[in-house]
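Here is my note on the model, as numbered points. Please read it next to the coordinates.

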Amino acid sequence: MDIRKYARSSRSVRFKATLDGMTAHANELAVDVRGLRKQYGDVTAVDGIDLGIRRGEVFGLLGPNGAGKSTTVEILQGNRARDGGEVSVLGADPGRATRAWRSRVGIVWQDESAPAELTVRETVRHFARYYPKPRNPEEVLALVGLREKAGSRIKALSGGQRRRLDVALGVIGGPELLLLDEPTTGFDPAARRQFWELIRTLADEGTTILLTTHYLEEAEALADRLAVIANGRVVAEGEPAALRDRHGTEATVEWTEPDGTPRAERTGTPTRAVAELMRRFDGEIPGLRVSRPTLEDVYLRLTGQSDEAGQAGRITQEDER
Amino acid sequence: MTTTAVRPPEEALTARLPGAWSLGLSRGALEIKQFFRMREQVVFTFAFPVVFLFLFASIFSDAVEGAGISASQLYVPAMTAAGIMSTSFQSLGVSIAVERDERVLRRLRGTPMPPASYFLGKIWLVFVTGLLETAILLLVGTTLYDVDLPTSAGRWFDLAWIFVLGLTACALLGIAISSVPRSGKSATSVVVLPFLVLQFISGVYIAVDTIPEWMLNIGALFPLKWMCQGLRGVFLPESARVLEQTGDWEFGRVALVLAAWCVGGLVLCLLTFRWKSRRDG
């Protein structure tokens, strides 16, 4: 995927730039969570989660529905009390959120509603008043791609446009940290790609971003690092590529025989396999493809969902590479 | 795309947070704008008490024996009090429950907006709608049912404080009751039933001298009865005093009870207000 390659290179450049510009806060974590626990009656939603999110980083919280993602994010937002553990967000406990702290944290909610009778511009301008140093409302409307819709009533917006408005309201205060809970649920693929671009733009501006998702390709496309959670625990954490490498080293080498038969071979030494093929074929090897196990394979294994459905998912994932 | 530099956190900390009062004004403006853009709601909110005034005052129009007034005249202050309560108690009780259910409140809670600004905005909204409702009812009452506007400054002053105290007390009670319904869908039923009962036992639909004593005493625990009584004192001739429980308008007591409800309602709001629906925890 071209977009993804482009995204990855731009992200690493941006990450370096952010680190250079923030030497004063170089070692400071935007989010520091240790042993977080939350119980709903008999159900343990969050069962001892540790997270460390660096400033300027895009961090993905990945997991199936009911894994504890939303509960964790709500605790970080200061909108849910925890039962145990230490939580520090921008250096303060979100359980004792002050107005000053709230002005530094932007929230994009899951399935949110905004006042339907107001126009987009009225709403964004009004929310700007809540903050001590808001961004320019017109600039934010342009950023989320709603400039043409600025005069429309909110009730006339499409689902994707409403989501963009949600992001506009999340960033209008110029937050240092943006928390997004499953921002693209229900999007069509094109809207999702556009949304990703928006998140990347915000990340390039230096905003620390935490997003939850159950879409694997979303976490892989956006996140500098990610944590996979299942049953209220972190089961894996790291850079997407490192996660993949750590949890699956076998590569698949595919090619086409001269008689047209497609062939595939799983191997721990793909370079050697390709070298052998080069000896057998004179010049180009027809249909050559070398692929690593996808993040989805790793993810399904980690979250205990690995089965035939996982295999099917793997094939579609490979088509994208 | 516009790009802004990374903002150091110290700067954000030292920047002044906007004040609760000015944000309350701006929330009020927003609430009023939203309200008047919902045409259907506007028409029915204002029409409801007017239709009831028309029905009751037209059906019961006989002279009230020994009081020097007609039954129609009794309904004008009664419906004005009910109108004040419907624009404050009923509309806030329902609309806040819906806003909570639709997670508008939760979103506001995630911003640095002070909670007081939200309540101030609601008070501004009911102040404007309550004033309009009262004006409409008095217009109908003075043109159709032979009620005169006060002629002395003292009576206008009584009207003003009964309006302000009654509206504030009912608005606070409306905010408090909005936390009772489990969802926005059930809000109307939950809010309307107590309001309807109060209207029957506070002398809105039925004159105070025909309501059983014990019912009137229950009604006397709530603001509506006192708003009705005070407004009768403002709009009816002195001869109508004989209809009252104690034979007097009791302005002092009206002020005391309404003021007490303003304080009590505020405490109730602070103790019970929820930003999230039960579903959201």
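How are α4(B) and α6(B) oriented to each other, roughly parallel or roughly antiparallel? Point 2 takes this up.

1. Basis. This is a predicted model, in which local features need pLDDT of at least 70 and side-chain atom pairs count only at pLDDT 80 or more, while totals for chains, interfaces and linings use all residues. Residues are numbered from 1 along each chain as its sequence is written, and chains are lettered from A and ligands numbered from 1 in the order in which they are written. The predictor assigns the complex an ipTM of 0.85 and a pTM of 0.80.

2. α4(B) against α6(B). Helix α4 (residues 71-101) and helix α6 (residues 115-144) of chain B have axes that come within 9 Å and cross at roughly 155°; axes are lines fitted to C-alpha atoms, for helices over the stretch in contact, and angles run from 0 to 180 degrees between N-to-C directions. α4(B) and α6(B) are therefore roughly antiparallel, given that angles under 35 degrees count as roughly parallel, over 145 as roughly antiparallel, 65 to 115 as roughly perpendicular and the rest as oblique. Their crossing is right-handed (near helix turned clockwise from the far one by less than a right angle; left-handed if anticlockwise). Among the residues making the contact are V76(B), G83(B) and L92(B) of α4(B), and K122(B), G130(B) and G141(B) of α6(B). Contact requires C-beta atoms, placed from the backbone, within 7 Å. By class the contact residues are 7 nonpolar, 8 polar and 2 charged; Ala, Val, Leu, Ile, Met, Phe, Trp, Tyr, Cys and Pro count as nonpolar, Asp, Glu, Lys and Arg as charged, and the others, Gly among them, as polar.

3. α6(B) against α7(B). The axes of α6(B) and α7(B) come within 10 Å and cross at roughly 130°, so this pair is oblique. The crossing of α6(B) and α7(B) is right-handed. On the α6(B) side the contact includes F119(B), K122(B), V126(B) and G130(B), and on the α7(B) side F163(B), L167(B) and I175(B). The composition here is 8 nonpolar, 3 polar and 1 charged. K122(B), V126(B) and G130(B) also belong to the contact of α6(B) with α4(B).

4. Chain B overall. Chain B has 11 helices and 2 strands, being DSSP runs numbered from the N terminus (helices H or I, at least four residues; strands E, at least two). Its C-alpha atoms fill a box of roughly 80 × 40 × 35 Å along the principal axes.

5. Confidence in chain B. The mean pLDDT (the predictor's confidence in each residue, from 0 to 100) is 89, and 94% of the residues score at least 70. Helix α1 (residues 9-14) of chain B is lowest, with a mean of 49, and helix α7 (residues 153-177) of chain B is highest, at 95. Residues 1-13 of chain B have pLDDT below 50.

6. Confidence in chain A. Chain A averages 82, with 84% of the residues scoring at least 70. pLDDT stays under 50 over residues 1-24 of chain A and over residues 307-321 of chain A. Where pLDDT is low, the predicted coordinates should not be read in detail.

7. Domains of chain A. The domain assignment, automatic or from a database, gives domain 1 (2-234) and domain 2 (245-319). In chain A, 7 residues of domain 1 are in contact with 7 residues of domain 2.

Technical notes
Two residues are in contact if their C-beta atoms, placed from the backbone, lie within 7 Å.
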